[in-house]
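Subject: Structure handover

Hello,

Here is the structure for your files. My notes follow below it.

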Amino acid sequence: MPQVKIRPQELSDAKRFFEILTHTDFEFIEIPIETLEDEKRFLNLSEVKRKTNFEHNYSILLDGKLVGLCGIRIDQHLSLIHI
């Protein structure tokens with residue numbers, strides 16, 4: 001049975017992410033990554049966003065191989081109502 005896991009993104013994921021992002025046809029989203037260095041900068045910034053609870057990005061692994069990515073962006077303008 002295939003095993004799927006997620007984990008926080010790591011800088012070492014940059015090369016594989018760049019391959020995925022540049023060899024996939026995204027119809028509804030624009031990916032501003034043009035070089036491997038762009039991807040490394042994004043991953044470094046991602047760490048800051050995670051620590052400030054702005055965005056949480058994850059690597060998706062299938063049987064230990066990096067196959068995708070996903071993320072959650074926190075709406076900083078949304079105020080919580082306490083009753």
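First, a definition: buried means under 20% relative accessible area, exposed over 50%, and partly exposed in between (1.4 Å probe, protein chains only). The model is predicted, so to speak for its limits: local features need pLDDT of at least 70, side-chain atom pairs count only at pLDDT 80 or more, and totals for chains, interfaces and linings use all residues. Residues are numbered from 1 along each chain as its sequence is written, and side-chain values use heavy atoms, with hydrogens and water left out.

**Sheet**

Helices (H or I, at least four residues) and strands (E, at least two) are DSSP runs, numbered from the N terminus. Two strands pair if DSSP finds at least two bridges between them. Here 3 strands form an open sheet, ordered S1-S2-S3, with antiparallel pairing. S1 and strand S3 (65-73) are the edge strands. Each has a single partner strand, so one side of each lacks a neighbour in the sheet. On average, neighbouring strands are turned by 30° against each other, direction ignored. Axes are lines fitted to C-alpha atoms (for helices, over the stretch in contact), and angles run from 0 to 180 degrees between N-to-C directions.

Strand S2 (residues 55-62) and S3 run antiparallel and are joined by 8 bridges. Asn57 stands opposite Gly71 in S3. Ile60 has Gly68 in S3 as its bridge partner. The hairpin of S2 and S3 has 2 residues between the strands, and Asp63 takes a positive phi there, near 50°. H1 lies across S2 and S3 and runs at about 80° to S3.

**Salt bridges**

A salt bridge is a side-chain nitrogen of Lys or Arg within 4 Å of a carboxyl oxygen of Asp or Glu. The structure holds 9 of these salt bridges.

Two of them are in helix H2 (residues 36-51). Glu37 bridges to Lys40, with the closest N and O atoms 3.7 Å apart. Why about one helical turn between these two? Glu37 and Lys40 are 3 residues apart in H2, which means a separation of about one helical turn. Glu37 is partly exposed at 43% relative accessible area, and Lys40 is partly exposed at 29%. Arg41 bridges to Asp38, and here the closest N and O atoms are 2.6 Å apart. Arg41 and Asp38 also lie 3 residues apart in H2, about one turn of the helix. Asp38 counts as buried, at 19% relative accessibility.

Salt bridges that share partners also join Arg7, Glu10 and Asp13 into one network. Glu10 is partly exposed at 38% relative accessibility. Arg7 is partly exposed at 21%.

**Asp13**

Buried or exposed: which is Asp13? Asp13 is buried, with a relative accessible area of 4%. Asp13 sits in the loop between strand S1 (4-8) and helix H1 (14-22). Contact means heavy atoms within 4.5 Å. Not counting residues up to four places away in sequence, Asp13 touches Arg7, Leu43, Ser59 and Leu66.

**Surface patch**

Val4, Leu62 and Val67 make a nonpolar surface patch of about 240 Å². Patches are made of residues with over 30% relative accessible area and no salt bridge; like charges are joined within 9 Å, nonpolar side chains (Val, Leu, Ile, Met, Phe, Trp, Tyr) within 5 Å. Areas come from the Shrake-Rupley method with a 1.4 Å probe, and for residues only the protein chains shown count as cover. Val4 is found in strand S1 and counts as exposed, at 57% relative accessibility.

Best regards
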